[in-house]
Amino acid sequence: QRPRGRERGPLGHGDRAGWRAARPAALLVSLLASAVLADNSWTFMDFVTRWTGTACVQNPQFSMNSGNVPRGVANFTIHGSWPDRDDGTWPAFCNDSYPFSWNQIADLKPQLDLNWPSFNGPNADFYTHEWNKHGTCALNVAKDEHDYFQRTLALNSRYDLSAALARAGFVPSTTNTYNVNDMTAAISKAIGKTAAIQCANVNKKLYFLAVHICLDKNFQPMNCPAFVVKDCQQGCYVSTAMMPPVTDSCYR
């Protein structure tokens, strides 16, 4: 589940360009680095939080019937925290000997339900993917699986992006469209560093999908590298996007 060939791009669920669908060359380099050199190094974290209203628009059938999205779900829900490199490559699946274990994060379930639900499959499958692919590469800064998920949950609480957008006049609407660059500026101002916005095309309409916040290894915000911003902007093919509200159809 991640946008850029990993997960940052024009599509909806996955890891940045469709989520990261990728720049094929960067993907090949990354695979070679992992398979041949076993290089698990990284330089920054890409924290991705999705606008829940758009996630529900993308997956209405699943959202209504899955039971994954409880009432009270956050306006922004976590997609993941992804270790990344300055050259556009990234490590993945860094520790096969440490597979996901639900028991290690069972105490976090109430927070996960509201802040990190899956919109296209069981929650446990989503967390398994995020941990095995991305979390295992963060073990040089996170103590263990529990610490990785707890730190990521804290990031979603640290930044009140809904309030930042509302202060700038961007509020959920079923009819209005908003300038994506202006939304990006409002979020970047609130964070204090350059962030990036990702969009999704649903039934030939462009929607505000996600925010990418870049962090250093101390989990402090930093300016997102230009390639992250470019990857995200590829999916925002027109200047304005819709920001739909979370409606009753999204909940179980």
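**Entry 1: around helix α9**

I began with what covers the buried residues of α9, and the list includes β1 (44–51), β4 (196–202) and β5 (205–215). This is a predicted model, so I read every value here as computed. Next I looked up which residues of α9 (226–233) are buried, and found Phe-227, Val-228, Val-229, Asp-231 and Cys-232.

Ala-226 also sits in α9. Is Ala-226 buried or exposed? I noted a relative accessibility of 65% for Ala-226, and because the cut-off for exposed is over 50%, Ala-226 counts as exposed. I also checked Ala-226 against Thr-194: the two are 32 residues apart in sequence, and their C-alpha atoms are 9.5 Å apart in space.

**Entry 2: the nonpolar cores**

I turned to the largest nonpolar core, which has 44 residues. Which of its members touch the most others? My note reads Trp-116, Phe-149, Phe-208 and Val-211. At least two residues of this core come from each of β1, β2 (76–84), α5 (123–133), α6 (145–158), α7 (161–167), α8 (180–191), β4 and β5.

I then picked out Phe-208 and left aside its neighbours within four places in sequence. Its remaining contacts are Trp-51, Thr-54, Phe-76, Leu-165, Met-183, Ile-197, Gln-198, Ala-241, Met-242 and Met-243.

There is also a second, separate core of 8 residues, and I found Ala-196, Cys-214, Phe-227 and Cys-232 among them. Two of these names were already in my notes: Phe-227 and Cys-232 are buried residues of α9.

**Entry 3: the disulfides**

How many disulfides does a search of the whole structure find? I got 3, and went through them in turn.

The Cys-94 and Cys-137 pair has its sulfur atoms 2.0 Å apart. I read a torsion of about 90° around this S-S bond, so the disulfide is right-handed. Cys-94 lies in the loop between β2 and α4 (109–115), while Cys-137 lies in the loop between α5 and α6, so the pair ties together parts that are 43 residues apart in sequence. Cys-94 has a relative accessible area of 16% and is buried; Cys-137, at 4% relative accessibility, counts as buried too.

For Cys-199 and Cys-236, I found the sulfur atoms 2.0 Å apart. This link is right-handed, with 95° about the S-S bond. It joins distant parts of the chain, 37 residues apart: Cys-199 is in strand β4, and Cys-236 is in the loop between α9 and β7 (240–242). I noted 0% relative accessible area for Cys-199, which is buried, and 13% relative accessibility for Cys-236, which also counts as buried.

In the Cys-214 and Cys-224 pair, the sulfur atoms are 2.2 Å apart. The torsion about the S-S bond is about 105°, so this disulfide is right-handed. Cys-214 belongs to strand β5 and Cys-224 to the loop between β6 (221–222) and α9, and the two are 10 residues apart. I marked both Cys-214 and Cys-224 as buried.

At 0% relative accessibility, Cys-232 counts as buried.

**Entry 4: helix α5**

**Entry 5: the largest pocket**

I finished with the open space. The largest pocket holds about 150 Å³, and 14 residues line it. Nearest its centre I found Gly-53, Val-57, Pro-244, Pro-245 and Thr-247.

I checked which helices contribute: α2 (52–58) and α3 (60–66) each supply at least two lining residues. The most comes from α2, with 3 residues. Sorting the lining by type, I counted 10 nonpolar and 4 polar residues, with no charged ones.

Key. Residues are numbered from 1 along each chain as its sequence is written. This is a predicted model: local features need pLDDT of at least 70, side-chain atom pairs count only at pLDDT 80 or more; totals for chains, interfaces and linings use all residues. Side-chain values use heavy atoms; hydrogens and water are left out. Buried means under 20% relative accessible area, exposed over 50%, partly exposed in between (1.4 Å probe, protein chains only). Helices (H or I, at least four residues) and strands (E, at least two) are DSSP runs, numbered from the N terminus. Contact means heavy atoms within 4.5 Å. A nonpolar core is a set of buried Ala, Val, Leu, Ile, Met, Phe, Trp, Tyr and Cys residues joined through side-chain atoms within 4.5 Å. A disulfide is a pair of cysteine sulfur atoms within 2.5 Å. On a 1 Å grid over the protein atoms alone, a cavity is a set of points where a 1.4 Å probe fits but cannot get out, and a pocket is an open set with protein on both sides within 12 Å along at least five of seven lines; lining residues have an atom within 4 Å of a point. Grid points are joined across faces, edges and corners, and a volume is the space filled by probe spheres set on the points. Ala, Val, Leu, Ile, Met, Phe, Trp, Tyr, Cys and Pro count as nonpolar, Asp, Glu, Lys and Arg as charged, and the others, Gly among them, as polar.
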